[in-house]
Each structure stands twice: as structure tokens, then as C-alpha cells.
Amino acid sequence: MTQGEPLIIVVSGPGGVGKGTIVKALVERDPRLWLSRSWTTRDQRAGEADDAYVFADRAAFERRISAGGFLEWTEFLGNYYGTPNPDATTGRDVVLEIEVDGAQQVKALQPQAILIFVLPPSRDEQARRLRGRGDADHKVAERLQKAELEEPIGIELADHVVVNDDLERTIDEMLDIVHRCRSAGSPA
Ligand code: 5GP
């Protein structure tokens, strides 16, 4: 990779680990970072921002798949999620907040992408966070089960594994990783 080429930073990890909060803080604190907005077919949660995703129906999502409009997409717990092809004109480093299947696709397409896998401090804490955002009990159970499957794959794939035990410390650690990768021009 040539120095100065925008980085692709993939933030992945199980549901309830705090990825959304982390990536929001990363782009607020580092103006060279640009957060990609995904498409999803899942319903908007109560209290979730309108711009958290592009909320689309399955037909619209499938039309975009056919048109080659996604860098990666997957079906996760019954809904489609996908990253639109990034706008190359921003010139900024791109942050993707996606699950493990999508992270594998991005790594295959763009081996220079930097994958940071975020782990919860414990399964209990993860469950507490999932319940805290209003997910129903069966959804919490489903996501915890999914986490068991995702974590070994994510850890294996990752360039960096970070435990989100303390939000501020985690954000600092991730900003430090981004700065080091910028200097090295690779997943240093
Ligand atoms: P949630 O429904 O909790 O917002 O997201 C479910 C999972 O889908 C999370 O792990 C989230 O990171 C992931 N996700 C969000 N956007 C995308 C995307 O564009 N592509 C992929 N592959 N996963 C995504």
C-alpha cells in the first residue's frame, strides 16, 4: 500500500459490545475518519437515530445487490445488512462497522484493510448491554448465541483485538491503532 492512500478500518465484534458508540466517538475525535452508513432491512429500533442506517425493504436491497452497489453484504439473523461502495472522493480513511461475515469479505477484497475486533469484557456484561438497549429476551439470547459463533472467527481474522472494558480507554486504544497504521501505511 502506498503512503497516503485512505485506510479501510473495519470494526467488528458481537452485538452489544459497543461498536456503534465506539465508531461514533472515533469519527468525532479524528476528522480524517469517515463513517460508512450501511443499509439494512431490519426495523428501526425505538429511539434509534433515523440516520443510523439506510432502512430499506428487501426488494430495494436486492435491487442494489443486483446493481453491484455493495462492497459487501450479508444476511444476519434474518435481515440483510450491506456496505454501499465507498465514495472514493472523500479522501478520508473509511470506517466500517460490520459483522464477521462482512469483515471476511472486505479482507478478501482489500487485504490491506485493518480489522479491529472488539470483545465484551464478559458474556454477562454483553447481555446486560443488549437488554439495556431494549432488545427483547429472545433477541438477546439469539445475539449471544451468534456471538459464540462469531468470536473465534473474528479473533482469527483480526489484526487487532480490543476488549471494551472501559469505553474511554477502548476509544484511546483504537485511535492509537489508527494513528500507528497511518504512519506505517498498513495494519501495523
Ligand atoms: P444491529 O441490528 O445490531 O444494528 O446490527 C447487527 C449486526 O450487523 C452488527 O454486528 C453490525 O455490526 C452488523 N452490520 C451493520 N451494518 C453492516 C453492514 O453493512 N454489513 C455487515 N456485514 N454487517 C453490518
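Modeller: First, a term: a pocket, on a 1 Å grid over the protein atoms alone, is an open set of points where a 1.4 Å probe fits, with protein on both sides within 12 Å along at least five of seven lines; lining residues have an atom within 4 Å of a point. A molecule sits in a pocket if more than half of its atoms lie within 2 Å of its grid points. This is a predicted model: local features need pLDDT of at least 70, side-chain atom pairs need 80 or more, and totals for chains, interfaces and linings use all residues. Residues are numbered from 1 along each chain as its sequence is written, and side-chain values use heavy atoms, without hydrogens or water.

Biologist: OK, where does the ligand sit?
Modeller: In the largest pocket.

Biologist: Which strands give two or more residues to its shell?
Modeller: Strands E5 (70-76) and E6 (79-84). Strands here are DSSP runs of E, at least two residues; helices are runs of H or I, at least four.

Biologist: What volume does the largest pocket have?
Modeller: About 1100 Å³, counted as the space filled by probe spheres set on the grid points.

Biologist: Which of the 40 lining residues are closest to its centre?
Modeller: Lys19, Gly20, Thr21, Tyr53 and Glu97.

Biologist: And which element gives the most to that lining?
Modeller: H1, with 7 residues. That helix spans 19-29.

Biologist: Switching to contacts. Which side chains have an N or O atom by a ligand oxygen?
Modeller: Among them, Arg42 at 2.6 Å, Glu97 at 2.7 Å and Arg143 at 2.8 Å. A polar contact is a pair of N or O atoms within 3.5 Å.

Biologist: How much of the ligand is buried?
Modeller: The protein buries 96% of the 500 Å² that the ligand exposes alone. Areas are Shrake-Rupley, with a 1.4 Å probe.

Key: A polar contact is a pair of N or O atoms within 3.5 Å; within protein, one must be able to donate a hydrogen and the other to accept it, and residues adjacent in sequence count only if both atoms are side-chain atoms.
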